[in-house]
Amino acid sequence: RIVGTVGVDNLLIIDTPGRSPASAELTERWRSLLDAIAPDEVHLVVPASLRADLAVDIGRAYAPTRAHCGATHLLLSKLDEVPRESGVTDLALSLEMPTRWITDGQDVPADLKPGVPRLLRAWGLSADTESDWMPA
(Lines give C-alpha, C1' and ligand atoms only; values in the text may rest on other atoms or scores of the structure.)
Protein backbone atom coordinates (compact mmCIF):
# COMPACT_ATOMS: atom_id res chain seq x y z
CA ARG A 1 0.00 0.00 0.00
CA ILE A 2 1.20 3.51 -0.71
CA VAL A 3 1.27 5.45 2.55
CA GLY A 4 2.00 8.97 1.33
CA THR A 5 4.66 11.60 1.47
CA VAL A 6 6.54 13.03 4.44
CA GLY A 7 7.04 16.70 3.68
CA VAL A 8 9.49 15.97 0.90
CA ASP A 9 8.47 16.45 -2.71
CA ASN A 10 10.27 13.41 -4.11
CA LEU A 11 9.60 10.88 -1.37
CA LEU A 12 7.12 8.08 -1.82
CA ILE A 13 6.57 5.51 0.91
CA ILE A 14 5.38 2.05 -0.08
CA ASP A 15 4.45 -0.06 2.92
CA THR A 16 4.90 -3.74 2.21
CA PRO A 17 3.55 -6.55 4.38
CA GLY A 18 5.95 -7.81 7.02
CA ARG A 19 7.56 -11.08 6.02
CA SER A 20 9.48 -13.67 7.99
CA PRO A 21 13.11 -13.94 6.90
CA ALA A 22 12.73 -17.71 7.33
CA SER A 23 10.34 -17.95 4.35
CA ALA A 24 12.49 -18.31 1.23
CA GLU A 25 9.49 -18.16 -1.13
CA LEU A 26 8.14 -14.92 0.37
CA THR A 27 11.64 -13.43 0.54
CA GLU A 28 12.14 -14.13 -3.16
CA ARG A 29 8.81 -12.43 -3.96
CA TRP A 30 9.64 -9.22 -2.09
CA ARG A 31 13.15 -9.14 -3.56
CA SER A 32 11.66 -9.46 -7.07
CA LEU A 33 9.26 -6.62 -6.26
CA LEU A 34 12.13 -4.41 -5.09
CA ASP A 35 14.15 -5.24 -8.18
CA ALA A 36 11.21 -4.19 -10.39
CA ILE A 37 10.67 -0.91 -8.52
CA ALA A 38 14.43 -0.17 -8.29
CA PRO A 39 14.16 2.25 -5.34
CA ASP A 40 16.96 4.57 -4.29
CA GLU A 41 16.60 3.39 -0.69
CA VAL A 42 14.97 0.46 1.06
CA HIS A 43 14.24 0.91 4.76
CA LEU A 44 14.08 -2.15 6.98
CA VAL A 45 11.45 -1.46 9.65
CA VAL A 46 12.46 -2.92 12.99
CA PRO A 47 10.58 -2.42 16.26
CA ALA A 48 12.68 -0.56 18.83
CA SER A 49 12.00 -3.28 21.40
CA LEU A 50 13.61 -6.04 19.33
CA ARG A 51 16.66 -7.75 20.84
CA ALA A 52 19.86 -6.69 19.06
CA ASP A 53 20.96 -10.29 18.35
CA LEU A 54 17.68 -11.04 16.57
CA ALA A 55 17.86 -7.75 14.69
CA VAL A 56 21.32 -8.65 13.35
CA ASP A 57 19.95 -11.93 11.95
CA ILE A 58 17.01 -10.10 10.36
CA GLY A 59 19.35 -7.46 8.91
CA ARG A 60 21.45 -10.16 7.28
CA ALA A 61 18.36 -11.87 5.84
CA TYR A 62 17.21 -8.64 4.18
CA ALA A 63 20.61 -7.36 3.11
CA PRO A 64 21.30 -6.61 -0.55
CA THR A 65 22.88 -9.39 -2.59
CA ARG A 66 24.66 -9.37 -5.93
CA ALA A 67 21.46 -10.51 -7.59
CA HIS A 68 18.85 -8.48 -5.68
CA CYS A 69 18.03 -5.20 -3.97
CA GLY A 70 17.83 -5.27 -0.21
CA ALA A 71 17.62 -3.07 2.84
CA THR A 72 19.91 -0.04 2.70
CA HIS A 73 18.59 1.89 5.71
CA LEU A 74 17.02 1.23 9.07
CA LEU A 75 13.69 2.61 10.25
CA LEU A 76 13.15 2.09 13.97
CA SER A 77 9.47 1.84 14.83
CA LYS A 78 7.48 1.92 18.06
CA LEU A 79 9.91 4.13 20.00
CA ASP A 80 6.92 5.12 22.13
CA GLU A 81 6.84 1.53 23.46
CA VAL A 82 10.35 1.37 24.93
CA PRO A 83 11.05 2.72 28.43
CA ARG A 84 14.64 3.88 27.76
CA GLU A 85 16.26 4.85 24.49
CA SER A 86 19.77 3.67 25.40
CA GLY A 87 18.99 0.20 24.03
CA VAL A 88 17.57 1.74 20.88
CA THR A 89 20.92 3.26 19.99
CA ASP A 90 22.61 -0.11 20.57
CA LEU A 91 20.05 -1.70 18.25
CA ALA A 92 20.72 0.90 15.54
CA LEU A 93 24.48 0.38 15.84
CA SER A 94 24.20 -3.41 15.72
CA LEU A 95 22.45 -3.28 12.35
CA GLU A 96 25.17 -1.09 10.80
CA MET A 97 22.71 0.75 8.54
CA PRO A 98 22.00 4.46 8.39
CA THR A 99 18.90 5.30 10.43
CA ARG A 100 17.15 8.06 8.54
CA TRP A 101 13.69 7.70 10.15
CA ILE A 102 12.00 6.61 13.38
CA THR A 103 8.35 6.32 14.34
CA ASP A 104 6.93 6.99 17.77
CA GLY A 105 3.26 6.36 17.17
CA GLN A 106 0.72 4.53 15.03
CA ASP A 107 -0.15 7.39 12.66
CA VAL A 108 2.21 7.00 9.72
CA PRO A 109 3.31 9.20 8.04
CA ALA A 110 2.48 11.82 10.71
CA ASP A 111 4.52 10.00 13.39
CA LEU A 112 7.49 9.47 11.06
CA LYS A 113 10.38 11.64 12.24
CA PRO A 114 14.08 12.10 11.41
CA GLY A 115 16.07 9.42 13.22
CA VAL A 116 19.49 11.00 13.61
CA PRO A 117 18.57 13.80 16.07
CA ARG A 118 16.66 11.35 18.28
CA LEU A 119 19.53 8.85 18.35
CA LEU A 120 22.10 11.55 19.07
CA ARG A 121 20.01 12.76 22.02
CA ALA A 122 19.72 9.16 23.27
CA TRP A 123 23.52 9.04 23.35
CA GLY A 124 23.51 12.25 25.38
CA LEU A 125 24.74 14.38 22.47
CA SER A 126 23.21 17.53 21.10
CA ALA A 127 21.60 17.01 17.72
CA ASP A 128 22.85 20.50 16.82
CA THR A 129 26.55 19.85 17.54
CA GLU A 130 27.48 19.61 13.87
CA SER A 131 25.21 21.89 11.91
CA ASP A 132 26.70 20.99 8.53
CA TRP A 133 26.35 17.25 9.09
CA MET A 134 23.65 15.52 7.07
CA PRO A 135 22.27 12.04 7.76
CA ALA A 136 23.08 9.28 5.30
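Strand β5, residues 99-103, is mostly covered, with four of its five residues buried. The model described here is predicted.

β5 has a pairing partner on either side. Toward strand β4 (residues 73-77) the two strands run parallel and are joined by three bridges.

| Strands | Direction | Bridges |
|---|---|---|
| β3 and β4 | parallel | five |
| β4 and β5 | parallel | three |

In what order do the four strands of the open sheet lie? The order is β3-β4-β5-β6, and the pairing is mixed. At the edges are β3 (43-47) and β6, each of which pairs on one side only. On average, neighbouring strands in this sheet are turned by 30 degrees against each other, if direction is ignored.

Leu 44 and Val 46 make up the covered face, while His 43, Val 45 and Pro 47 make up the uncovered one. His 43 from the uncovered face has His 73 in β4 as its bridge partner. To get from β3 to β4, the chain passes through helix α2, residues 52-61, and this β-α-β crossover is right-handed.

Two loop residues deserve a separate look for their backbone angles. Most residues other than glycine have a negative phi. Ala 38 is not a glycine, yet its phi is positive, at about 55 degrees. Ala 38 sits in the loop between α1 (24-37) and β3, and β3 is one of the edge strands of the sheet. Glu 96 also has a positive phi without being a glycine; its value is near 50 degrees. The place of Glu 96 is the loop between α3 (86-95) and β5.

Why does Glu 96 count as exposed? Its relative accessibility is 73%, and the term exposed applies over 50%, so Glu 96 falls in that class.

Technical notes
Residues are numbered from 1 along each chain as its sequence is written. This is a predicted model: local features need pLDDT of at least 70, side-chain atom pairs count only at pLDDT 80 or more; totals for chains, interfaces and linings use all residues. Side-chain values use heavy atoms; hydrogens and water are left out. Buried means under 20% relative accessible area, exposed over 50%, partly exposed in between (1.4 Å probe, protein chains only). Two strands pair if DSSP finds at least two bridges between them. Axes are lines fitted to C-alpha atoms, for helices over the stretch in contact, and angles run from 0 to 180 degrees between N-to-C directions. A crossover is right-handed if, with the strands pointing away from the viewer, the path from the first strand over the helix to the second runs clockwise.
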